[in-house]
Amino acid sequence: MDKQLFINNRKKIVELMEDNSMFVVFSLPCAEMKFVVNKNYYYVTGDDQVDDIFVLTKNNGSVSERIFIKEYDEMFAKWNGHTYSVEEVKNKTGIENISYLDKFESF
């Protein structure tokens, strides 16, 4: 899908947000059964990976988007399939601020 669709979806959410607020949505953790991405997460990001987190903030009229992704792990990829690189996530979602999951807690 075209990333512009997801960019427009995020703009709609920003319009509904109050100032000085935060919107956080999780893709869902990987489980033993077949993974299905959280539909709300996919609606705003276009990302379909496990364990990722999206954060949208609106502070004093300024909007910030950040996505936290799993860092590439060769063993995980071998058994569970390809995980997206930072560039692939940017191209897929239109989100420029991308960090690895281990930075989420400090964020």
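Me: Which residue is the bridge partner of Phe 54 in β3?
Reply: In this model, which is a predicted one, the bridge partner of Phe 54 in β3 is Ile 67.

Me: And how many bridges join β2 to β3, and which way do the strands run?
Reply: There are 7 bridges between β2 and strand β3 (residues 62-69), and the two run antiparallel. Together β2 and β3 form a hairpin with 2 residues between them, and in the turn Asn 60 has a positive phi of about 50°.

Me: What else is Phe 54 in contact with, leaving aside neighbours within four places in sequence?
Reply: With those neighbours left aside, the contacts of Phe 54 include Arg 10, Phe 23, Val 24, Val 25, Tyr 41, Val 44 and Ile 95, as well as Ile 67.

Me: Which residues touch the most other members of the largest nonpolar core?
Reply: That core has 15 residues, and Phe 54 is one of those that touch the most other members, along with Tyr 41, Leu 56, Ile 67 and Val 89. The elements giving two or more residues to this core are the helices α1 (3-16) and α2 (39-45) and the strands β2 and β3.

Me: Why call β2 largely enclosed?
Reply: Strand β2 (residues 53-59) has 6 of its 7 residues buried, so it is largely enclosed by the rest of the structure.

Me: Switching to β1, how is it joined to β2?
Reply: β1 and β2 run antiparallel and are joined by 6 bridges, with Phe 26 standing opposite Ile 53 in β2.

Me: How far is Val 25 from Tyr 42?
Reply: Their C-alpha atoms are separated by 9.5 Å, although Val 25 and Tyr 42 are 17 residues apart along the chain.

Me: What about Met 22, buried or exposed?
Reply: Met 22, which lies in strand β1 (residues 21-26), is exposed, with a relative accessible area of 54%.

Me: Which residues make the nonpolar surface patch with Met 22?
Reply: Val 24, Phe 26 and Phe 107 make the patch together with Met 22, and its area is about 390 Å².

Notes:
Residues are numbered from 1 along each chain as its sequence is written. This is a predicted model: local features need pLDDT of at least 70, side-chain atom pairs count only at pLDDT 80 or more; totals for chains, interfaces and linings use all residues. Side-chain values use heavy atoms; hydrogens and water are left out. Patches are made of residues with over 30% relative accessible area and no salt bridge: like charges are joined within 9 Å, nonpolar side chains (Val, Leu, Ile, Met, Phe, Trp, Tyr) within 5 Å. Accessible areas come from the Shrake-Rupley method with a 1.4 Å probe; for residues, only the protein chains shown count as cover. A salt bridge is a side-chain nitrogen of Lys or Arg within 4 Å of a carboxyl oxygen of Asp or Glu. Helices (H or I, at least four residues) and strands (E, at least two) are DSSP runs, numbered from the N terminus. Buried means under 20% relative accessible area, exposed over 50%, partly exposed in between (1.4 Å probe, protein chains only). Two strands pair if DSSP finds at least two bridges between them. A nonpolar core is a set of buried Ala, Val, Leu, Ile, Met, Phe, Trp, Tyr and Cys residues joined through side-chain atoms within 4.5 Å. Contact means heavy atoms within 4.5 Å.
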